[in-house]
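Hi,

Here is the structure I promised to pass along.

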Amino acid sequence: MTAVADTPSTTETVRPADQAALAAVVAEAHASGTAIYPIGGGASQNYGRPAERPGVGLSLAALNRVIDYPARDMTITVEAGITMDQLAATLATERQWLPIDAPQSATATLGGVMATNWSGARRYGYGTMRDYVIGTSAVDGRGDAFKAGGRVVKNVAGYDFCKLLTGSLGTLGVITQITLKIKPQPERSAFLVCDVHDLRMADRLAAAIVNSGTTPSSVEVLTGPAWRDGTPLGLLTAGAIGRLAVGLNGTATEVDWMLAQLAAEWEALGVTSARSIDGQHATELWETICEFPAEGESPLVVKASMVPSRAMQFAELVLSIDPQASIQIHAGNGIVLARFAKFDTGEVSRALIGKLQPLAQQSGGSCVVLSSSLSGLTRQAIWGGTSAASAWMAQVKRQFDPKNILNPGRFVYDNL
């Protein structure tokens, strides 16, 4: 075990060489009541509340090995510290992939993506991280190692700890090893794009895709300064406020057919500006869409989840608060990512807690802060109001981490 650079929330950071060494660090912390802060690639350090207790950083950088890759079984087992780029490169040798779009993939680790349950634009066609994790190994807050699931897709024995750990932000256990089911790489990837003159037009076209003969991978509404100039989309036409970009993956024949079919469906709905984006330009657009939540300087970046029919209303509210906000809407899933250009501390209570979070909750979802340069944000400001489920979540937390040493205070739980 060697020390690595400390983070602002830690007095020291250790780098265990394997799960046994990691478990020993956690067991020692449990005995002394010392807080432990798991660190993957550091890509999500601004997600959640800042650490309030001094403690020890626990880097998983050395746990980055491929344990087992039976490519014909369409599964892979790796350690949690492997980066998303390293994982993608390994899978590419067998023309396979994990269709999860994670920003900052050169540094973001698979364990971090699982801990945050991050999924990007292609969740519409391919699902979320929870859909791909079939086995995991972790260390709980006592320093005890445990396993869940297995290395075969049809393993359904016992409680589904894989789904429980996914999205728990390292507060139930330190994830050390993950088994994934994976998919063949698509032969071709492209977009069909059209300019939209207002969000109502975008909503109408996005809703029509439900009855389309095509099977898109993503349905993206993109508006705001970040999507105007300098992107693979090119310049907006006069009078347009943004674009609808529909991502398509499959064989070359399938993608050709879907491009033509969707263009015909849009033409019947009055669209005259549809154009396809293919080849390297499509690759660049996928990357731009993926990186949007982590790009640029912003005082506040929020992620709101709700029923898809209310997503445009939420986006309109964002623009009423900050007309220069940049917005990305996963329209098929009802997820809105908003990057504010201007947002000060005085607006937290009025706009975030008073308007944005209530609308998301009324629309069947939630609104959380992905990152912010504002200081002093409360648990409610970052995670929204509590619900009946919060008490159950806190009880589960006590079972896994009775002394509350794993990422204490950073997640949605109230203080234990």
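Which residue forms a salt bridge with Arg188? Asp278 does, and the closest N and O atoms of the two are 2.2 Å apart. (A salt bridge here is a side-chain nitrogen of Lys or Arg within 4 Å of a carboxyl oxygen of Asp or Glu.)

Before the rest, some housekeeping. This is a predicted model, so local features need pLDDT of at least 70 and side-chain atom pairs count only at pLDDT 80 or more, while totals for chains, interfaces and linings use all residues. Residues are numbered from 1 along each chain as its sequence is written, and side-chain values use heavy atoms, with hydrogens and water left out.

Arg188 sits in strand E12 (residues 188–196) and Asp278 in the loop between strand E15 (275–277) and helix H8 (279–291), so the pair links parts of the chain 90 residues apart. (Helices, H or I with at least four residues, and strands, E with at least two, are DSSP runs numbered from the N terminus.) Arg188 counts as buried at 17% relative accessibility, whereas Asp278 is partly exposed at 30%. (Buried means under 20% relative accessible area, exposed over 50%, partly exposed in between, with a 1.4 Å probe and protein chains only.) Arg188 and Asp278 also belong to a salt-bridge network with Asp256.

The structure holds nine salt bridges. Another one joins Glu347 to Arg350, with 2.9 Å between the closest N and O atoms. These two are three residues apart in helix H10 (residues 347–362), which means about one helical turn separates them. Glu347 is buried at 13%, and Arg350 is partly exposed at 42%.

Next, the sheet. Five strands make an open, antiparallel sheet in the order E5-E6-E10-E8-E9. (Two strands pair if DSSP finds at least two bridges between them.) Its edges are E5 (66–68) and E9, each pairing on one side only. Strands E8 (residues 133–139) and E10 (residues 174–181) are joined by six bridges, and Val133 has Leu180 in E10 as its bridge partner.

Finally, helix H12 (residues 388–400). Ser390, Ala394, Lys397 and Phe400 are its buried residues. They lie on the same side of H12 because they cover an arc of only 120 degrees around the axis, taken from the directions from the helix axis to the C-beta atoms. The buried residues of H12 pack against strand E9 (145–149) and helix H5 (161–165), where contact means heavy atoms within 4.5 Å. On the face turned away from that buried side are the exposed Ala388, Trp392 and Gln399.

Cheers
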